[in-house]
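The entries follow in the order in which I looked things up.

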Amino acid sequence: MAQRITTLVLLIEILFLVSCVTHITTTAAYNNGDKIHVAGKVMCQDCSLNYDEWINGSEPIKGAVVSITCMDERRRVSYYGSDLTDERGQFDLMVNKVLSHGKVLKPQLCNVRLVSSPDLSCNIPTNFGNGQTGVKLVRPFTVFRDLVKYVVGPFYYTTPMCETPKFENNY
């Protein structure tokens with residue numbers, strides 16, 4: 001019985017420490033640095049491949065556009081920006097935390113999503129990784145000195161052959 005109580009107390013202490021570290025990291029992310037970085041990848045997935053190739057065979061898309069939209073407390077757009085992916089399909093959006101009109105950007109009110117793909121054979125956005133609906137910036141991946149970095153995705157496009165048909169109700 002005493003061993004169970006000791007284990008329970010230890011577990012409660014660990015949970016308390018984890019919540020404190022999470023709070024400190026999140027607070028540091030909102031207060032440190034004058035820029036936030038949002039990084040990720042955009043890939044092409046071909047549904048005509050077998051499962052193994054489909055899961056492991058995605059290719060990067062060069063020149064895909066990814067956007068970030070940040071809102072203010074009144075649900076108005078306070079910042080919009082975009083970035084092109086490189087030859088590895090990677091993007092790195094850099095946003096000033098202090099906007100031109102003096103307002104401070106709140107990362108938790110930002111949404112990152114797919115915009116377009118230059119590859120005509122792979123230009124149908126999917127919601128794998130929430131690329132189509134968008135990803136909210138919740139918890140930073142890295143907080144170090146003046147660097148606050150979020151990592152999202154990967155986001156995926158697919159081929160036109162893989163597009164899910166949309167049915168209309170004509171009733």
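**Entry 1: strand pairing.** In which sense do β3 and β4 pair, and over how many bridges? I was working from a predicted model. I found that β3 and β4 pair in the antiparallel sense, over seven bridges. I then looked up Ile68 and noted that its bridge partner in β4 is Gly81.

Entry 2

**Entry 3: the whole chain.** I counted two helices and eleven strands in the protein. Along the sequence I read the pattern as α-β-α-β-β-β-β-β-β-β-β-β-β. Of the 171 residues, 32% count as buried. For contacts between residues at least 6 apart in sequence, I noted that 68% join residues at least 24 apart. The accessible surface comes to about 11400 Å², and 58% of this belongs to carbon and sulfur atoms.

**Entry 4: the core.** Next I looked up the largest nonpolar core, which has 25 residues. Val42, Ile68, Val112, Leu137 and Phe155 are the residues with the most contacts inside this core. At least two core residues each come from β1 (35-45), β3 (65-71), β5 (90-96), β6, β10 (147-151) and β11 (155-158). The largest share, four residues, is supplied by β1. As background, I noted that nonpolar side chains tend to be buried together in soluble globular proteins.

I took Val112 for a closer look. Setting aside neighbours within four places in sequence, its contacts include Val38, Val66, Ile68, Phe91, Leu93, Leu137 and Phe155. Ser67 and Gly134 are also among the contacts of Val112.

**Entry 5: Ser117.** Where does Ser117 lie? I placed Ser117 in the loop between β6 (110-116) and β7 (124-125). Is Ser117 buried or exposed? Its relative accessibility is 13%, and the cut-off for buried is under 20%, so Ser117 counts as buried.

I then checked the polar atoms around Ser117. Its side chain reaches the backbone oxygen of Cys122 at 2.9 Å. A polar atom of the Ser117 side chain also lies 3.3 Å from the backbone nitrogen of Asp119. Not counting residues up to four places away in sequence, I listed Ile61, Ala64, Cys122, Asn123 and Tyr157 as the residues that Ser117 touches.

Definitions and conventions. Residues numbered from 1 in each chain as written. Predicted model: local features only at pLDDT ≥ 70, side-chain atom pairs only at ≥ 80, totals over all residues. Heavy atoms only, no water. Buried < 20%, exposed > 50% of the residue type's maximum accessible area, 1.4 Å probe, protein only. Polar contact = N/O pair within 3.5 Å; in protein donor to acceptor, adjacent residues only side chain to side chain. Contact = heavy atoms within 4.5 Å. Core = buried A, V, L, I, M, F, W, Y, C linked by side-chain atoms within 4.5 Å. Areas by Shrake-Rupley, 256 points an atom, 1.4 Å probe, with all protein chains shown as cover. Pairing = 2+ DSSP bridges.
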